[in-house]
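Please read it alongside the sequence and the coordinates.

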Amino acid sequence: MDEKLPWFRGLSAQDRSWIGLVAQSGITAFVDWFRDPEENSSMPTRIFGSAPREFTRVISLHQTVDLVRTTIDVMETAFADLLPPDDVPAVHGAMQRYAREVAFAAATVYAQAAEMRGAWDARLEALVVDSVIRGEADDAVRSRASALGWSGAAGTTGSADVAVVVGRAPAAEQNAQVADAVRHAAREAGADALCAIQGDRLVLVLGGTGKPVEIAQRLAHWFGPGPIVVGPVVKDLMAAVTSARAAVAGMRAVAAWPAAPRPVQADELLPERSLSGDGHARRQLATDVYAPLTAGDGVLLDTVSAYLDSGGSIEATARAMFIHANTVRYRLKRVAELTGYQPLNPRDAFTLRVALTLGRLLNPEPGSTVL
């Protein structure tokens, strides 16, 4: 093996010793099997029992086949020196049958090892995702994610951005296929992915991408029917609980917006989330939407409030405030620039209405800090 297999020379002394032990076990097992194939029919499947479980991690199945082939070649070469010429064909034929059984035994060992690793990886992945959802991400979680192939910067931009996606779980018979398929599809799209099925929902953690909605669209067919909510992008896995919290809250509230796109961003569901009891959404609307409108003399707040109260009529707003219609249009444009919500858009107008209501409840004094 040392002469014919270059990779064998790179192994540690302990690993080479284990391989030598397996080879010796195989030769001894062949002798016993040759004496009585019927009684010792399980011998070929037991020759790998002398190696530790880590054996399958040290060398690949292809390398194992090389080892078996090399051992058999040496044995067949030795037959001519050890046996009478008339016995060589019979022993050679037996060796061919024995080699076939050994090959099947090797394939079985690696298949079982792969199944065990797959089951362990699935449990580990579910644990990591659960830790993210519950806000318990720490260095241990990062280490476990790395063991699952999470790099944190898989995207083509080298970004470490992370976002959590929540949707309905697929049919039960598809569960076993989802994790591998989602990871593969996410990799093709340029992102890391960890996923777990938690009851009736599928939770997906995307990393290395600043465009999680586009990735979620490509993976949407792996989710069950119904809405898919994408949490906001955060800087890394340690901060992913913020994205997870928003996505889960959005999943609870999305039923209030039947026309919501699929997938929909959690921040697009701020009014529904706030009405369903999400305190984070309430504070976000009060801080990011209401508070900027109270700056200065509060004229923008008065204008947008009058505009909403007038049913979205610029002319009626102008009459109520005794100003020109163009002034109303200018102020509404400033509202859109400050808040990101366009009052002339019905959906944005609804968000502004909820934000103003919450802002007045949480911050009765205009210009003061939101509680």
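Buried means under 20% relative accessible area, exposed means over 50%, and partly exposed lies in between, with a 1.4 Å probe and protein chains only. The model is predicted: local features need pLDDT of at least 70, side-chain atom pairs count only at pLDDT 80 or more, and totals for chains, interfaces and linings use all residues. Residues are numbered from 1 along each chain as its sequence is written, and side-chain values use heavy atoms, with hydrogens and water left out.

**Chain and confidence**

- The protein chain has 16 helices and five strands; helices (H or I, at least four residues) and strands (E, at least two) are DSSP runs, numbered from the N terminus.
- Of its 371 residues, 43% count as buried.
- The chain exposes about 19,300 Å², of which carbon and sulfur atoms supply 54%; accessible areas come from the Shrake-Rupley method with a 1.4 Å probe, and for residues only the protein chains shown count as cover.
- Among contacts (heavy atoms within 4.5 Å) between residues at least 6 apart in sequence, 66% join residues at least 24 apart.
- The average pLDDT, the predictor's confidence in each residue from 0 to 100, is 83, and 85% of the residues score at least 70.
- Residues 154-158 have pLDDT below 50, and this stretch has 10 contacts in the model beyond near neighbours in sequence.
- Residues 367-371 also have pLDDT below 50, with 10 contacts beyond near neighbours in sequence.

**Sheet**

- Five strands form an open sheet in the order β2-β3-β1-β4-β5, with mixed pairing; two strands pair if DSSP finds at least two bridges between them.
- The edge strands, β2 (192-198) and β5 (264-265), each pair on one side only.
- Strand β3 (residues 201-207) pairs with β1 (residues 162-168) in the antiparallel sense over seven bridges.
- Within this pairing, Val164 has Val205 of β3 as its bridge partner, and Val162 has Gly207.
- Six of the seven residues of β3 are buried.

- Helix α10 (residues 240-253) lies across β1, β3 and β4, at about 25 degrees to β1.
- For these angles, axes are lines fitted to C-alpha atoms, for helices over the stretch in contact, and angles run from 0 to 180 degrees between N-to-C directions.

**Backbone geometry**

- Most residues other than glycine have a negative phi, and most peptide bonds are trans.
- The peptide bond from Arg262 to Pro263 is cis, with omega near 0 degrees; Pro263 lies in the loop between α10 and β5.
- Phe322, although not a glycine, has a positive phi of about 60 degrees.
- Phe322 sits in the loop between α14 (314-321) and α15 (325-339) and is exposed, at 78% relative accessible area.
- Gly199 takes a positive phi near 65 degrees in the hairpin of β2 and β3, which has two residues between the strands.
- Gly199 counts as exposed at 68% relative accessibility, and its C-alpha atom is 7.7 Å from that of Ala169, 30 residues away along the chain.

**Salt bridges**

- A salt bridge is a side-chain nitrogen of Lys or Arg within 4 Å of a carboxyl oxygen of Asp or Glu; by this rule the count comes to 11.
- Asp130 and Arg134 form one at 2.7 Å, N to O. The two are about one helical turn apart, because they are four residues apart in helix α6 (residues 88-134).
- Asp130 is partly exposed at 25% relative accessible area, and Arg134 is partly exposed at 44%.
- Arg168 and Asp200 form another, with the closest N and O atoms 3.6 Å apart. This pair links distant parts of the chain, 32 residues apart: Arg168 is in strand β1 and Asp200 in the loop between β2 and β3.
- Arg168 is partly exposed at 35%, whereas Asp200 is exposed at 52%.
- Asp267 and Arg273 have their closest N and O atoms 3.9 Å apart in a salt bridge; Asp267 is partly exposed at 30%, whereas Arg273 is buried at 2%.
- Salt bridges with shared partners join Asp267, Arg273 and Asp278 into one network.
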